[in-house]
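User: I am new to protein structures. Can you show me how to read sheets, cores and contacts?

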Amino acid sequence: MIVVRFRKTNPDVTLPEYETKGASGCDVRAFLPEGPLVIPSGEWRLVPTGLCPEIPLGYEIQVRPRSGLAYRNGITCLNTPGTVDSDYRGEIKVNLINHSKTDFVVENGMRIAQFVIAKVENASFEVSDDLSQSERGEGGFGSTGVK
C-alpha cells in the first residue's frame with residue numbers, strides 16, 4: 001500500500017474514503033463552505049474538493065465518475081478519467097457535467113467522484129520508418145467489427 005498525502009485547504013475538508021474493502025476507487029467529496037453549487041442542465045462546473053495532493057512519483061490519481069450520480073442524475077465527469085499528476089500540488093477540482101434535463105444541486109460534503117490511484121510508466125519515444133506487422137495493421141475505427 002502506498003501513502004498519498006493531502007494538504008487540506010480548510011480543517012473541515014474530508015479525506016477520500018473507500019466505502020468497502022474491495023473498492024478500487026475512494027469517494028471524494030465536494031467542499032463548498034459558501035453553500036450549494038448549481039449545475040444547470042447541459043452545463044458543467046468545477047467543483048472544489050479542498051484537497052491538495054502529494055502523490056508518489058510513478059503514480060497518478062485518476063478522477064472518475066460515481067456510477068450512482070451518473071445513473072440517477074445524469075451527472076458525470078466531463079473529462080474521464082481525469083489525471084492528477086504526481087508533481088501537482090494545487091487543489092483538485094472535479095469537472096462535473098449535467099446531462100439531465102433539470103438543474104443539479106451539489107451540496108457541501110456530497111460524494112461527487114472517485115479517485116483511483118494508478119501506477120504509471122514513463123516512455124522514451126523514437127522515430128522509426130519501419131513498424132512491426134500486426135493482425136490489425138492500419139485498420140481504424142470499427143475495423144475489428146462489432147461482434
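Predicted model: local features only at pLDDT ≥ 70, side-chain atom pairs only at ≥ 80, totals over all residues.

User: How do strands make a sheet in general?

Analyst: Strands of a sheet pair through backbone hydrogen bonds, and the pairing is either parallel or antiparallel. Here, an open sheet has 4 strands in the order β2-β11-β6-β8. The pairing is antiparallel.

User: Which strands stand at the edges of this sheet?

Analyst: β2 and β8 (82-84) do. Each has a single partner strand, so one side of each is left without a neighbour in the sheet. From one strand to the next, the twist averages 35 degrees.

User: Over how many bridges do β2 and β11 pair?

Analyst: They pair over 4 bridges, in the antiparallel sense. Look for Arg29: Arg111 in β11 stands opposite.

User: What is the strand order in the open sheet of 3 strands?

Analyst: The order is β4-β9-β7, with antiparallel pairing. β4 (44-48) and β7 are the edge strands, each pairing on one side only. Ignoring direction, neighbouring strands of this sheet are turned by 35 degrees against each other on average.

User: How many bridges join β7 to β9?

Analyst: There are 3 bridges, and the two strands run antiparallel. Find Cys77: the bridge partner is Leu96 in β9.

User: Now the core. What is the general idea?

Analyst: In soluble globular proteins, nonpolar side chains tend to be buried together. In this model, the largest nonpolar core has 25 residues. Ile61, Val63, Leu96, Val106, Ile112 and Phe115 touch the most other members.

User: Which elements give two or more residues to this core?

Analyst: They are β2, β6 (59-64), β7 (75-77), β9 (93-98), β10 (104-106) and β11 (111-119). The largest share, 3 residues, comes from β11.

User: What does Val106 touch, not counting residues up to four places away in sequence?

Analyst: Val106 touches Ala30, Leu32, Pro36, Leu37, Ile39, Val47, Leu96 and Ile112.

User: Let us end with one residue. Is Asp27 buried or exposed?

Analyst: Compare the relative accessibility with the cut-off: buried means under 20%. Asp27 is at 9%, so Asp27 counts as buried. This residue lies in strand β2 (residues 26-29).

User: With which side chain does the side chain of Asp27 make a polar contact?

Analyst: With that of Arg111, at 2.8 Å. Leaving aside neighbours within four places in sequence, Asp27 is in contact with several residues, among them Pro16, Glu17, Arg66 and Ala113.

Key:
Residues numbered from 1 in each chain as written. Heavy atoms only, no water. Buried < 20%, exposed > 50% of the residue type's maximum accessible area, 1.4 Å probe, protein only. Polar contact = N/O pair within 3.5 Å; in protein donor to acceptor, adjacent residues only side chain to side chain. Contact = heavy atoms within 4.5 Å. Core = buried A, V, L, I, M, F, W, Y, C linked by side-chain atoms within 4.5 Å. Pairing = 2+ DSSP bridges. Axes fitted to C-alpha atoms, helices over the stretch in contact; angles between N-to-C directions.
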